[in-house]
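Okay, thanks for coming, everyone.

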Amino acid sequence: MSDKFVAAIDQGTTSSRCIIFNQDGAVVAVDQREHRQIFPKPGWVEHDATEIWSKVQAVVAGAIAKAGLRADQLSALGITNQRETTVLWDRKTGKPVHNAIVWQDTRTAALCTELGGSDGQDRFRDRTGLPLASYFAGPKVAWLLDNVPGLRQRAEAGEIAFGTIDSWLIWNLTGATDSGVHVTDVTNAGRTMLMNLETLQWDQSILDAMNVPAAVLPEIRSSSEVYGTAHGQVAGVPVASALGDQHAALFGQTCYSVGEAKNTYGTGSFLLLNTGQRPVPSKNGLLTTMAYQLGGEAPTYCLEGSIAITGALVQWFRDQLGIIKEAAEIETLAASVDDNGGAYIVPAFSGLFAPYWRSDARGVVAGLTRYVTKGHLARAVLEATSWQTREVVDAMYQDSGVHITSLKVDGGMTGNNLLMQHQADVLGVPVIRPVVAETTCLGAAYAAGLATGVWSDLDELSSHWKRDAEWTPQMDEDARGREYHNWRKAVERSFGWLEDSE
């Protein structure tokens, strides 16, 4: 076993994890704990940031114990996180002033419409690469400042700190109220809708438009550098990377060349295409965003297709409908039938993200007949993920002119062979899963290890990537076209459900 180890904290939407990797990029130990999902009103989703920090401390200690290591044997600590989720906390007490508002939360939809004015969703797109949507953190900050009594005055006085989850964790790791470092990286800053993609700095004109005081903002840093030294249980370990989860997965999948793409299947799904050292504007509903920045090097950009609900649809099928008891059972149930029986499920639970960006959409089940069984519905649940991914791939080609020749995949749903085969079928290209499926944590570990000399360069990291499984297309072109046409019809029926008055 190698004698250098790097720990990565993955603070996700539903759980906190810590994975320790050795110098070969292999997993040494994992610890994971779920945290609560808080739903105060329809469309509102919150997390308790204090609970998250507590769970993070527990999983770091758990992973170190399982690895049989001491904390001082870690060469570096990296962070990857659910993006856009917004925390405001008191700099003196270290306590959050409100629950964190999660990326899925739609309470800022009306505010986004108001901010768009006559320019609509594209008001800030030329500077941020993003459409005005409830997804992003900037409007969430503005909402909190306007709706928590007295908060705006305290924020303007410099008493309040804002961060996405990476900032909250780094601040706590590096000493909190004693010596906490208030920073974020370019990938997370780029998801606030407050950072200029070209300058990699906060954009004052957007801050003014959203009425967000600069005093609350963290310093923007690269994705791979030493931000500070950890205190507490991992005292002395360099905190040396931060990447939003999807950027970390791109990095862990070693998609370092223009045209390389990955899709991560989690609560939602996120397909990123490396476009190199230039931002590619999207005219087809994609996000122009950061891929990563290594220290003082030029940043790398990507196009992203963000799909709100994929794995969460399986959870809904399990928890709300009770048709299955365990998520893994859906593959067996779906395989009990030959096709979807004509049924399509569009999971627009909180609107649709890429490529539509329709906050007015809501979920629909289309094509129901008496013939349809729970097996057909199970299949429709899985196929919804494949078809949403296909729409994003099509949009990427229209924006970039790049035909993907294969798709690297990761995340929990890649263990579903039926889904992966259907994904290859509807894309018409091979789908490839790596040996280390935990590419989000791996990417954070790689970035932290690069900053601290554990690994020397990107070529060394690429040499670690190994193929575990590959699915090749088996669906004929006519069937693919027919099914896609039906899917698009179902999507159109989800539009306009929520009216302006709602």
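So, the binding site: an unreviewed UniProt entry lists Thr13, Thr14, Ser15, Thr267, Gly311, Gln315 and Gly412 under "binding site". A word of care there: UniProt positions are in the numbering used here, feature names are shortened, and annotations may be inferred rather than shown by experiment. These residues span 400 residues in sequence, yet no two of their C-alpha atoms are more than 14.2 Å apart, so they gather at one spot.

Ground rules, quickly. This is a predicted model, where local features need pLDDT of at least 70, side-chain atom pairs count only at pLDDT 80 or more, and totals for chains, interfaces and linings use all residues. Residues are numbered from 1 along each chain as its sequence is written, and side-chain values use heavy atoms, with hydrogens and water left out.

Now, two of those site residues. Is Ser15 buried or exposed? Ser15 is buried, at 8% relative accessible area; buried means under 20%, exposed over 50%, and partly exposed in between, with a 1.4 Å probe and protein chains only. Ser15 sits in strand S2, residues 15-22. Helices (H or I, at least four residues) and strands (E, at least two) are DSSP runs, numbered from the N terminus. Leaving aside residues up to four places away in sequence, Ser15 touches Asp10, Gln32, Arg33, Glu34 and His35, where contact means heavy atoms within 4.5 Å. Gln315, in contrast, is partly exposed at 31%, and belongs to helix H10, residues 311-319.

On to the sheet that holds S2. Six strands make an open, mixed sheet, in the order S3-S2-S1-S5-S12-S11; two strands pair if DSSP finds at least two bridges between them. S3 (27-34) and S11 (224-229) are the edge strands with a single partner each, so one side of each has no neighbour in the sheet. Further in, S1 (residues 5-11) runs parallel to S5 (residues 74-81), with seven bridges. One of the bridge pairs joins Gln11 to Asn81 in S5.

Last stop, helix H14, residues 439-451. From first C-alpha to last, H14's 13 residues reach 18 Å, close to the 18 Å expected, that being 1.5 Å times one less than the number of residues. Twelve of the 13 are buried, so H14 is largely enclosed by the rest of the structure. Among the buried ones are Cys441, Leu442 and Tyr446. After H14 comes Gly453, with a positive phi near 85°.
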